Amino acid sequence: MNLAQAFWQRLGQQPARVLLERLEPSGEVTWQQTRGAFVEEASRWMAALRAAGIGPGDRVALSLGKSAGLVAAHVAVLGVGAGAVPLNASLTPRELAAVLAQAEVRLAITTADLLARAPELRAAVRGPWWVTGETGPLPADTIPLASVLTAVAPGVEPIDRDDDDLALLLFTSGTTGVPKGVGLTHGNLRANLHALLVDTWEMCEDDRLLHALPPHHLHGLGLGVYGTLLVGNTAVLLERFDASVVVRALDAQRITVFMGVPTMYHRMAEVTEVGTLATMRLFACGSAPLSPETFRRFQDRFGFPIIERYGLTETGINTANPLHGRHRPGSVGLPLPGVDLGIFAPQTGRQLAPGEVGEIWVRGPNVFHGYWRNPEATAAAFCNGWFRTGDLGTMTADGYVTILGRIKELIIVGGTNVTPGEVETVLEGEPGVAECAVVGIPDADLGERVAAFVVPRQGEDPHELERRLRLRAEQQLAPYKCPRQYRFLPVLPRNSMGKVERGKLPLQG
Ligand code: AMP
């Protein structure tokens with residue numbers, strides 16, 4: 001089934017219900033769209049795509065900020081049977097050109113300023129560009145979006161697709177190495193969104209989601225945008241995250257669900273004026289490790305646990321903490337319904353017992369079928385039908401999973417493994433630490449030794465903090481796990497999803 005048909009089924013009912021709203025940083029809602037108006041707009045987009053000859057087997061690149069048009073355009077691309085390739089506008093022109101070339105897109109639909117900033121991208125697409133927000137003359141073969149959409153009549157419906165057909169082609173965030181294309185199918189997305197949003201988080205039409213994530217990633221686009229269209233809730237779109245704007249909006253906009261990355265929660269926990277949160281029911285978090293310290297500070301101030309979930313671009317969401325019952329800070333929860341998850345010895349492929357540390361392997365309807373035109377990378381990523389996540393973790397006997405870092409980030413001190421996550425958790429338990437990242441640095445004697453990059457809380461004296469951290473580490477960690485070196489930084493280098501970019505940490509000097 002085409003995912004867009006599933007959206008259509010939901011949005012075809014109760015056309016007067018509000019689907020999308022736009023929230024300004026001032027706190028004002030400046031625009032609303034009902035389901036009926038959205039369906040008409042998406043259908044007009046589909047007519048325009050069809051008229052341009054776009055259909056099954058084609059791919060369309062999209063970068064329209066967080067506009068209403070972006071949502072309609074995504075539905076329309078899926079609806080005509082093509083694959084959507086979201087572009088992250090914060091990438092450099094070189095990175096964007098690499099994505100466009102790999103994906104071989106037939107049409108790019110973007111804001112004019114993207115093309116103005118990187119005119120060389122024009123050549124990376126063998127087809128037209130439709131652009132919005134144009135202010136000056138446009139390059140050849142670049143068409144103003146408004147003229148495309150007014151030239152057609154709506155009334156077009158999504159066509160059938162198989163569950164195994166490509167819906168969304170994402171590129172891994174590539175904090176290291178060249179980004180790889182990850183093709184998610186209609187079946188992958190439908191199964192995963194249902195298992196997480198409907199079965200686990202009980203999202204329904206009455207929910208009001210505050211959407212402050214970037215819309216080009218599985219989190220903001222898949223869960224936030226596609227999830228909204230599947231569930232039929234209202235999404236309140238805020239272009240850019242700002243902690244005080246978000247906290248104010250929770251009450252003012254009667255928000256029920258917020259989805260964030262750990263950095264957002266870390267900042268929200270610093271906001272002093274928190275309202276009654278009378279309508280809130282779920283603060284969800286993922287994409288990077290949430291420290292127990294941020295969990296605790298947030299809970300103290302907001303009175304809500306942060307519900308963590310764990311996923312990858314390749315698999316969608318694999319685990320989540322339950323909505324009701326015990327939330328275990330530090331754990332990413334239980335495998336979602338239909339997701340099979342195990343801990344394996346990465347070298348031998350032997351499945352490990354509860355409590356043992358190994359690589360997290362996953363299989364289920366959520367798992368992608370392989371890297372885009374990259375059979376070598378695909379073969380390396382699967383073993384006996386399981387997808388090897390590259391994440392280190394453990395699982396308790398009752399199924400709760402804890403992530404301990406990436407295998408590649410494993411530190412080997414004199415032949416003994418140290419997982420950065422374990423050391424980070426101990427250091428972040430010290431109240432003077434805002435956040436930290438633990439890495440291995442070369443050591444002539446031991447191969448590697450542990451180093452800690454620490455962001456102190458305001459007013460902390462780094463020397464005094466280092467003394468306390470050394471003491472704390474000695475008390476709680478085996479000697480080989482204790483950081484030999486501490487460096488203090490004002491912030492940790494992070495990408496747009498809040499993941500620490502370890503390669504950018506100043507290892508020397
Ligand atoms: P991406 O494919 O860019 O979404 O990155 C996926 C990676 O993010 C995973 O392999 C994990 O290393 C990390 N990740 C995602 N969610 C979590 C989480 N809740 N806790 C810790 N790490 C996470």
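Contact here means heavy atoms within 4.5 Å. I'm working from a predicted model, where local features need pLDDT of at least 70, side-chain atom pairs count only at pLDDT 80 or more, and totals for chains, interfaces and linings use all residues. Residues are numbered from 1 along each chain as its sequence is written, and side-chain values use heavy atoms, with hydrogens and water left out.

**Met 268.** I looked up its contacts: leaving aside residues up to four places away in sequence, Met 268 touches Phe 241, Ala 243, Val 246, Val 247, Phe 258, Phe 283, Phe 298 and Phe 302.

**Cores.** A nonpolar core is a set of buried (under 20% relative accessible area, 1.4 Å probe, protein chains only) Ala, Val, Leu, Ile, Met, Phe, Trp, Tyr and Cys residues joined through side-chain atoms within 4.5 Å. In the largest one, with 121 residues, I found that Tyr 226, Phe 258 and Met 268 touch the most other members. Domain 1 (3-240) and domain 2 (266-406) each give this core at least three residues; the domain bounds come from an automatic or database domain assignment.

**Helix 11.** Helices (H or I, at least four residues) and strands (E, at least two) are DSSP runs, numbered from the N terminus. Which residues of helix 11 (residues 292-302) are buried? I noted Glu 293, Thr 294, Phe 295, Phe 298 and Phe 302. Their cover includes helix 9 (243-252), helix 10 (262-268), strand 13 (282-285), strand 14 (306-312) and helix 13 (420-428). Just past the end of helix 11, I saw that Gly 303 has a positive phi of about 75°.

Methods: Buried < 20%, exposed > 50% of the residue type's maximum accessible area, 1.4 Å probe, protein only.
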